[in-house]
Amino acid sequence: MEIDVLKRVPVREQDPEVRAKNFEEVCYGYNKEEAMAEASRCLKCKNPRCVTGCPVMIDIPGFIKEIQEGNIEQAYRVISNYSSLPAVCGRVCPQESQCEAKCVRGIKGEPVSIGKLERFAADTAIESGVRPVPPAQRKGKKVAVIGSGPAGLTCAGDLARMGYDVHVFEALHEPGGVLVYGIPEFRLPKEKVVRHEIENVKALGVTIETNVVVGKSVTVDELMEEEGFDAVFIGSGAGLPRFMGIPGENANGVFSANEYLTRSNLMKAFDESYDTPIAAGKKVAVVGGGNVAMDAARTALRLGAEVYIVYRRSEKELPARAEEVHHAKEEGIIFKLLTNPKQVLVDERGWVKGIECIGMELGEPDASGRRRPVEKPGSEFVLDVDTVIMALGTSPNPLISSTTKGLEVNSHKCIVAEEEFGRTTKEGVFAGGDAVTGAATVILAMGAGKAAAKGIDNYLSGKEQ
Amino acid sequence: MFEILKKEELAANIFLMDVKAPRIAKSGYPGQFVIVKIDEKGERIPLTICDYDREAGTVTIVFQSVGASTKMMAELEAGDYFRDVVGPLGKPSELIGLTPEELRAKKLLFIGGGVGTAPVYPQVKWMKEHGVDVDCIIGARSRNLIILEDAMREAAANVYVTTDDGSYGFHGNVNDCLKDLIRNQGKEYGQIVAIGPVIMMKFVCLLTKELGIPTIVSMNPIMVDGTGMCGACRLSVGGQVRFACVDGPEFDGHLVNFDEAMKRQQMYKTEEGRAQLREIEGETHHGGCGFCG
């Protein structure tokens with residue numbers, strides 16, 4: 001295969017017009033020939049800067065070298081030493097602002113497609129049925145992990161590899177957290193990828209108990225005092241949706257992105273064989289500009305709607321990954337930028353009949369460093385929609401923090417935890433991921449789960465002073 | 001998997017089940033609810049806890065088979081399993097935080113309408129166990145829809161049964177019965193708990209506001225996760241947006257916007273109806289359900 005070293009080997013994708021009507025994965029990923037060709041673009045830097053851009057510090061040149069030589073299983077083993085969820089990360093990590101942003105190849109040309117190569121190694125391992133094995137040496141200590149999202153699964157996987165007995169508690173009926181209820185099928189296949197990665201964590205000896213809402217079904221204190229857990233990791237995420245507080249927001253047809261995505265992803269409303277209803281909508285406005293907004297918009301599109309993204313800043317400030325915005329545009333999502341909703345218009349039956357918006361312009365930078373959007377008087381207009389999806393971010397659920405003695409939270413209800421090892425204000429209790437930081441990314445949560453696993457090991461083996 | 005240990009048909013299409021769920025039985029309190037899911041592809045169905053047995057590790061649920069999912073539930077028998085049961089969710093009734101003296105001083109009346117009698121029962125039973133005498137009105141359209149009368153008679157000091165059609169007990173709805181108790185029988189109440197259809201709770205609250213009697217209601221709106229994650233269950237209470245699943249399900253009935261709640265529940269009804277129509281008509285269903293136009 002001939003390549004231009006300055007350019008990436010292109011990755012095959014489903015045609016936008018076709019994929020706008022199905023839930024199949026958008027990106028097909030590399031085949032072996034393409035992956036080996038792309039791997040050959042890696043400069044194998046002595047001081048690999050890409051690794052410093054990775055929250056879990058995967059030996060990136062190490063696994064790429066194995067791919068280049070055709071040792072795909074070995075490449076997977078290298079990644080597995082650092083990450084419990086490579087098939088997930090290869091798909092949803094913001095590589096363009098992490099490892100790939102630091103790639104030396106990227107100075108002159110396009111950076112190496114590290115994410116696509118990681119995905120290829122992980123997918124190949126899935127196909128050949130390679131599974132991790134639990135260590136023979138047991139520590140004889142029990143750790144409870146609350147939440148089976150990226151933070152919890154990573155922490156559980158790392159602790160199991162060290163020889164701890166790990167029990168994961170999940171509030172919903174399926175493990176996976178945001179990987180299952182939040183990120184759609186067309187971006188992260190549930191059966192092939194997520195379930196497989198969870199089975200890998202189980203293969204390490206981790207048990208997962210679903211349908212347990214910690215803080216309600218059982219408390220952290222009870223887990224430690226009555227159920228004999230020596231340490232607890234809280235990775236319960238940031239699940240509480242925000243609304244705008246504008247008139248008409250309780251009308252029928254206004255949903256949080258969480259509800260809309262949960263119905264479609266976790267409850268599989270898009271699949272006729274499931275009983276879940278979803279109000280797909282014919283004309284849908286999604287309010288917000290993050291990855292969740294793109295996911296909700298592209299889900300509504302696939303359910304047959306004409307979809308608008310309503311975002312109060314300009315394209316440059318969109319918090320979503322560039323790739324997601326690009327995919328959304330390709331599929332026909334209409335972007336109403338510098339636009340903010342004023343109120344939801346409601347018909348006499350209580351249903352949405354439109355959304356009144358106002359034009360915005362960017363003023364001085366605010367505390368976040370982004371230019372503050374200000375209303376343009378007299379620019380009000382009505383967007384004719386029957387469904388409104390609010391994708392304005394989420395905050396942590398206080399169910400656990402409010403029922404655990406001695407666990408401190410900050411003013412945003414985020415659990416206070418040290419960054420290095422995830423230690424909280426309560427002895428033996430560690431935390432990480434969105435429960436600590438507020439809504440962030442899968443890989444940052446995984447990094448925090450990993451750090452906490454080290455912290456828990458230090459604590460339980462008496463290395464902590 | 002959660003085994004059904006007992007099933008009983010309390011009235012036409014109203015069923016009671018004891019389900020093995022030790023974590024919930026251990027930590028549940030009156031006023032809280034559970035979510036059950038029949039199988040992999042079923043909906044998550046919220047149901048208020050009707051009773052629990054901490055030793056036996058069981059919770060009791062009561063449901064009316066109205067929609068596609070509850071009809072499927074009604075087909076389950078003792079020995080069958082729910083794939084998922086999660087709880088206890090929501091906050092326990094505020095009343096159970098009070099001392100028996102405080103509760104006695106309140107002069108409590110419980111009102112259960114239709115299948116809403118089931119969530120009233122554990123509260124009345126709690127009062128009995130804590131030595132608090134309370135009165136209770138059970139209402140339904142007709143005699144054959146009155147449930148849990150015997151159990152309630154054991155737990156409450158006085159039980160007043162009322163039917164809309166007069167086929168049993170007092171002739172009238174729960175409000176007529178309440179007015180009769182206060183105006184004609186010299187009863188005095190300082191706190192009411194009313195649970196039933198939203199329309200019933202609305203009218204009870206209109207009356208009790210007039211009478212100046214604080215009234216607690218239990219809301220059962222559309223829900224998905226039941227842990228505060230989706231916001232489907234949001235209500236306006238005193239002008240504030242509250243989530244029934246984590247802030248409730250019990251609220252001060254004089255502050256709840258029932259009209260909005262009924263409209264939001266309509267969405268549920270038509271959607272539930274939609275699932276049912278699809279079941280009956282399959283892909284041939286086009287229009288008529290009020291949803292798909």
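Which residue stands opposite A:Ile389 in β14(A)? In this predicted model, local features need pLDDT of at least 70, side-chain atom pairs count only at pLDDT 80 or more, and totals for chains, interfaces and linings use all residues. Residues are numbered from 1 along each chain as its sequence is written, chains are lettered from A and ligands numbered from 1 in the order in which they are written, and side-chain values use heavy atoms, with hydrogens and water left out.

The residue opposite A:Ile389 is A:Phe255. Strands here are DSSP runs of E of at least two residues, and helices are runs of H or I of at least four, numbered from the N terminus. Strand β6 (residues 254-256) of chain A runs parallel to β14(A), to which 3 bridges join it; strands pair if DSSP finds at least two bridges between them. Strand β7 (residues 283-287) of chain A is also parallel to β14(A), through 4 bridges, and A:Ala285 stands opposite A:Val388. From β14 (residues 387-390), A:Thr387 and A:Ile389 point one way and A:Val388 and A:Met390 the other, all being buried (under 20% relative accessible area, 1.4 Å probe, protein chains only).

In chain B, the domain assignment, automatic or from a database, gives domain 1 (2-87), domain 2 (100-218) and domain 3 (221-293). The contact (heavy atoms within 4.5 Å) takes 12 residues from domain 1 and 11 residues from domain 3 of chain B. On the side of domain 1, β3 (33-37) and α2 (68-74) of chain B each supply at least two residues, and α2(B) gives the most, with 4 residues.

How values were computed: Buried means under 20% relative accessible area, exposed over 50%, partly exposed in between (1.4 Å probe, protein chains only).
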